[in-house]
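User: Please take a close look at one part of this model for me. Keep it brisk, and give the cut-offs as you go.

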Amino acid sequence: MKIVTMVTVLAVLLNAMMPTLVHAATYLQGTQVNANMLIRDAYVQVKYR
């Protein structure tokens, strides 16, 4: 019975946090893309100027 209660509580908590986690993952992925673009742009500036 205790395990069922724990699983239920975990499911409810994860359900509540899921939109926040998805938003954070999307934001971090966007940040990674922006960082890669900045690095590439800096490389192009140094290489061709």
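Analyst: I3 sits in helix 1. Helices here are DSSP runs of H or I with at least four residues, strands are runs of E with at least two, and both are numbered from the N terminus. I3 counts as exposed because its relative accessibility is 65%. The classes are buried under 20% relative accessible area, exposed over 50%, and partly exposed in between, with a 1.4 Å probe and protein chains only. From I3 to M37 is 34 residues in sequence and 47 Å in space, C-alpha to C-alpha.

A word on the source. This is a predicted model, in which local features need pLDDT of at least 70 and side-chain atom pairs count only at pLDDT 80 or more, while totals for chains, interfaces and linings use all residues. Residues are numbered from 1 along each chain as its sequence is written, and side-chain values use heavy atoms, with hydrogens and water left out.

Now the helix itself. The chain has one helix and zero strands. Helix 1 covers residues 2-48, which is 47 residues. Its first and last C-alpha atoms are 66 Å apart, close to the expected 69 Å. That expected span is 1.5 Å times one less than the number of residues. Helix 1 bends by about 45° at M17. The bend is the angle between axes fitted to the seven residues ending at a position and the seven starting there.

L21 lies in helix 1. At 43% relative accessibility, L21 is partly exposed.

V33 is in helix 1 too. V33 counts as partly exposed because its relative accessibility is 43%. V33 and V9 are 24 residues apart along the chain, with 36 Å between their C-alpha atoms.

Last, the whole chain. Of its 49 residues, 0% count as buried. The C-alpha atoms fill a box of roughly 70 × 15 × 5 Å along the principal axes.
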